[in-house]
Amino acid sequence: MSIPASFELPDFYHFPPFFTIQPVLATREKQLGQWRELILKYHTDLKIKTMVLHECPLWKNANIGRELNAEEILVVVDDFVKSGHGEWEDPNQRTRCRILWRKPEQLASDVYEWAVANGYIGSVCTVYELHSGEDVNGMSFQGADEELLRRALGILEEQEKCTIFKGETSSEDGIKF
């Protein structure tokens, strides 16, 4: 698997030391921040919901002959998970990471702002409409992981900004704002 030409890599990706976990704490923190930014942008831009660690093309830059080893990849992804933008799907093996394009709290806020802006307050829509409907084109939650979207809706329900109704299937569940 290779990085699509349509994805623009940042300048720091072509800097050889980026592919070696830095020993100085302040430098390593900045480096890990750049990895978090790159992982999130790559997966969000390409609408990839799950990162399979051994298949992710970000770890290797053939143009400069550098790549992270398995231990360094775990350091980077563990940091990414700690930041709140990822979750291990298999916490014991740590081979698959769910990418949270937006944190559940951010997504909840985005959904509610969309509902207000589009006149859905007092109306009902389905989870499917929120995930894949025509009205959500370009929104941060369009095509989002369904479990993440449901967590965001749960936050809104706790805040009494929506009520969730069970449908015949999960995609037919209704949300009243």
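## The chain as a whole

The model you are looking at is predicted. Its protein chain has 177 residues, and 40% of them count as buried. Along the principal axes, the C-alpha atoms fill a box of roughly 55 × 35 × 30 Å.

How many helices and strands does the protein chain have? The secondary structure comes to five helices and eight strands. Read from the N terminus, the order of elements is α-β-β-β-α-β-β-α-β-α-α-β-β. Now think about contacts between residues at least 6 apart in sequence: 56% of these join residues at least 24 apart.

## Two helices that cross

Two packed helices are described by the angle between their axes and the distance between the axes. Here, helix α1 covers residues 25-45 and helix α2 covers residues 70-82. Their axes come within 9 Å and cross at roughly 75°. The two helices α1 and α2 are therefore roughly perpendicular to each other.

Which residues make the contact? From α1 come Leu32, Trp35, Arg36, Ile39 and Leu40, while α2 brings Val75, Val76, Asp79 and Phe80.

## A three-stranded sheet

Now follow the strands. Three of them form an open sheet in the order β1-β5-β4, and the pairing is antiparallel. Why is one side of β1 and of β4 left without a neighbour in the sheet? Both β1 (50-52) and β4 (86-88) stand at the edges and each has a single partner strand, so one side of each has no neighbour in the sheet. On average, neighbouring strands are turned by 30° against each other, direction ignored.

Strand β5 (residues 96-99) pairs with β1 in the antiparallel sense over three bridges. The bridge partner of Thr50 in β5 is Arg98.

## Cysteines without partners

How many disulfides does a search of the whole structure find? The search finds zero. Take Cys97: the closest cysteine sulfur belongs to Cys56 and is 9.9 Å away, which is too far for a bond. Cys97 counts as buried, because its relative accessibility is 0%.

Cys162 is in no disulfide either, and the nearest cysteine sulfur, in Cys125, is 9.0 Å away. With a relative accessible area of 4%, Cys162 is buried.

Note on methods:
Residues numbered from 1 in each chain as written. Predicted model: local features only at pLDDT ≥ 70, side-chain atom pairs only at ≥ 80, totals over all residues. Heavy atoms only, no water. Axes fitted to C-alpha atoms, helices over the stretch in contact; angles between N-to-C directions. Helix = DSSP H or I, 4+ residues; strand = E, 2+ residues; numbered from the N terminus. Parallel < 35°, antiparallel > 145°, perpendicular 65-115°, else oblique. Contact = heavy atoms within 4.5 Å. Pairing = 2+ DSSP bridges. Disulfide = S-S within 2.5 Å. Buried < 20%, exposed > 50% of the residue type's maximum accessible area, 1.4 Å probe, protein only.
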